[in-house]
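Please keep the sequence and the 3D view at hand while reading.

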Amino acid sequence: MIYGEEQYRNDLNRYIGNIDQQLHSLSKTLEDFNCCILSDFERLQKMVTDAHNIASTYYLQSYLSPYTKEYSNLSLAAQHLSEKRHGGLIIVERRQPLDDYLHNGTSIGAKVSHTLLETIFFPGNPLHDGGTLIKEDMIISAGNILPLARKSIEGKKLGTRHRAALGITEKTDAVVIIVSEETGRISFAVDGQLYTVRT
């Protein structure tokens, strides 16, 4: 879904209102010790997850849309990789050229499509372990080796893909979409920070 700023604010405000009501209801239910509140927590968790998905979709779109018209294809590829538990690392070049930071990639030179991205990251494909570089609406190269982040995130064990995403975004203005092979979680990195899109 492509979000405009007004729609995003309206939807998020509605979710925040619903979450607030659910918390208030939960507090009242808690006063009655004979009442089980587990289903209330399930409803609250779903509301928070839905609100998080709206926010992360909006922010990722706002970071990418000025630099590529293929935002929907990138998003769809990430969703499909997540569902199949295929790892992925998609680097989107913005203002700053990335040539000095990517190594040993294989030139692709094809228009962005979710099908091609899914094929690149299919397990066993020789290019699936590296990063795929997107510039505007083109897949420039795949199988790229990226600099790894030096810093760690407190309480989180990061795999190589996540460390590579943080590494390149610490040094450049790129945005990197990461799909975890282990969990299917979709994240993105920008300015040396990691954000979860979908758990």
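Just after α3, R85 takes a positive phi of about 60°. The model is a predicted one, in which local features need pLDDT of at least 70 and side-chain atom pairs count only at pLDDT 80 or more, while totals for chains, interfaces and linings use all residues. Residues are numbered from 1 along each chain as its sequence is written, and side-chain values use heavy atoms, with hydrogens and water left out.

Helices (H or I, at least four residues) and strands (E, at least two) are DSSP runs, numbered from the N terminus. Within α3, the residues Y71, N73, L74, A77, A78, L81 and S82 are buried, where buried means under 20% relative accessible area, exposed means over 50%, and partly exposed lies in between (1.4 Å probe, protein chains only). The cover over these buried residues of α3 includes the helices α2 and α4 together with the strands β1 (88-93), β3 (131-135), β5 (175-179) and β6 (186-190).

A search of the whole structure finds nine salt bridges, each being a side-chain nitrogen of Lys or Arg within 4 Å of a carboxyl oxygen of Asp or Glu.

| Pair | Closest N to O |
|---|---|
| K46 and D50 | 2.8 Å |
| E118 and K84 | 3.6 Å |

K46 and D50 are four residues apart in helix α2 (residues 38-64), and are therefore separated by about one helical turn; K46 itself is exposed, with a relative accessible area of 53%.

E70 lies in the loop between α2 and α3 (71-84) and K111 in strand β2 (residues 106-111), so the pair ties together parts that are 41 residues apart in sequence. E70 counts as buried, at 12% relative accessibility.

E118 forms a salt bridge with K84. E118 belongs to helix α4 (residues 114-120) and K84 to helix α3, so this pair ties together parts that are 34 residues apart in sequence. E118 counts as buried at 13% relative accessibility, whereas K84 is partly exposed, with a relative accessible area of 48%. Elsewhere, salt bridges that share partners join D129, R161 and E181 into one network.

Note on methods. Contact means heavy atoms within 4.5 Å.
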